[in-house]
Amino acid sequence: MQAQRCNWPIWAGLLLSVSALLSYFFVFVWFPVTRDFPWANLLLFGIAAVLLLVGVRRAFAPERPRRSKIAGAVLATLSVAMCGCFVFATFIMARRLPASHNAPQLGQKAPDFSLSDTHGKPVSLAEILSSPVNGKAPKGVLLVFYRGSW
Amino acid sequence: MAISVDTPEISRDLCQKAGYTYTFLSDPKADVIRRYDLVHAGAGINGQDIARPAEFLVDSSGTVRWVNLTENYWVRARPDQIIAMAKALR
């Protein structure tokens, strides 16, 4: 009974789409080569698309029952939605950043400030730039503004 | 040094967990972040104003010698890039 056989390509395609979506945020984001452009994830989505295409064709073969066609359509739609979520999160959402035209530019003075460190002690930029490191005057300081940890 | 809207307590936990040894500064009202024009309005997890990712290399005279304002928050400056710029400082 051929019609009773499991339509494995469609399930493999769905599974691969799930891993293509999640692996960026949990694995590939930790390595600059796979993070800066998510080629590894797009490749996974590409392989998933081939499997899904094969799976959908199988599901809609005339000898297949109705439920196979419904399952095929639902799983394929879910996979496409996951690809959409991924593209939105990495290419659209992540680019919604303020332009920061008035941020200090090359050659300008970095405005001085004073903020609390992790012990609640106030630390100023001027102070950091003038306090010796290992007995020598510091060459400079790297200011890293980040979104915060959550 | 690192600057965010996180409280000193949250930053202390982060440093302990991740083993960071450089200075972490807390700007809960985003005053300095605003002065540097780096506010990303309403982008925090509870809709609060936070900093957009940005890196500045400042020399001993307080002059900006290198800036990185990413266009995509998944993409940040690479450590080797920053180390090369820092080595060029005199």
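## Chain B: order of elements

The model is a predicted one. Read from the N terminus, chain B runs β-α-β-α-β-β-β-β-α. That comes to three helices and six strands.

Chain B splits into domain 1, residues 1-52, and domain 2, residues 53-90. The centres of these two domains, taken over C-alpha atoms, lie 18 Å apart. The C-alpha trace of chain B spans about 40 × 30 × 25 Å along its principal axes.

## Where chain A meets chain B

Chain B puts 54 residues into the contact, and chain A puts in 46. On the chain B side, 32 of the residues are nonpolar, ten are polar and twelve are charged.

## Chain A: H3 against H4

Helix H3 (residues 39-59) and helix H4 (residues 66-92) of chain A have axes that come within 10 Å and cross at roughly 165 degrees. Angles over 145 degrees count as roughly antiparallel, so H3(A) is roughly antiparallel to H4(A). The crossing is left-handed.

H3(A) contributes Asn41(A), Phe45(A), Ala48(A), Leu52(A), Gly55(A), Val56(A) and Ala59(A) to the contact. Contact residues of H4(A) include Ser68(A), Lys69(A), Ala71(A), Gly72(A) and Phe86(A). By class, the H3(A)-H4(A) contact holds nine nonpolar residues, five polar and one charged.

## Chain A: H1 against H4

Helix H1 of chain A (residues 8-26) also packs on H4(A), at an angle of about 15 degrees and with the axes 9 Å apart. Angles under 35 degrees count as roughly parallel, so H1(A) is roughly parallel to H4(A). H1(A) and H4(A) make a left-handed crossing.

From H1(A), the contact uses Ile10(A), Gly13(A), Leu14(A), Ser17(A), Val18(A), Ala20(A), Leu21(A) and Tyr24(A). Among their partners in H4(A) are Leu75(A), Leu78(A), Met82(A), Cys85(A) and Thr90(A). This contact has 13 nonpolar residues, five polar and no charged.

Note on methods: Residues numbered from 1 in each chain as written. Chains lettered and ligands numbered in written order. Predicted model: local features only at pLDDT ≥ 70, side-chain atom pairs only at ≥ 80, totals over all residues. Axes fitted to C-alpha atoms, helices over the stretch in contact; angles between N-to-C directions. Helix = DSSP H or I, 4+ residues; strand = E, 2+ residues; numbered from the N terminus. Parallel < 35°, antiparallel > 145°, perpendicular 65-115°, else oblique. Left-handed = near helix turned anticlockwise from the far one by under 90°. Contact = placed C-beta atoms within 7 Å. Nonpolar A, V, L, I, M, F, W, Y, C, P; charged D, E, K, R; others polar. Domains from an automatic or database assignment.
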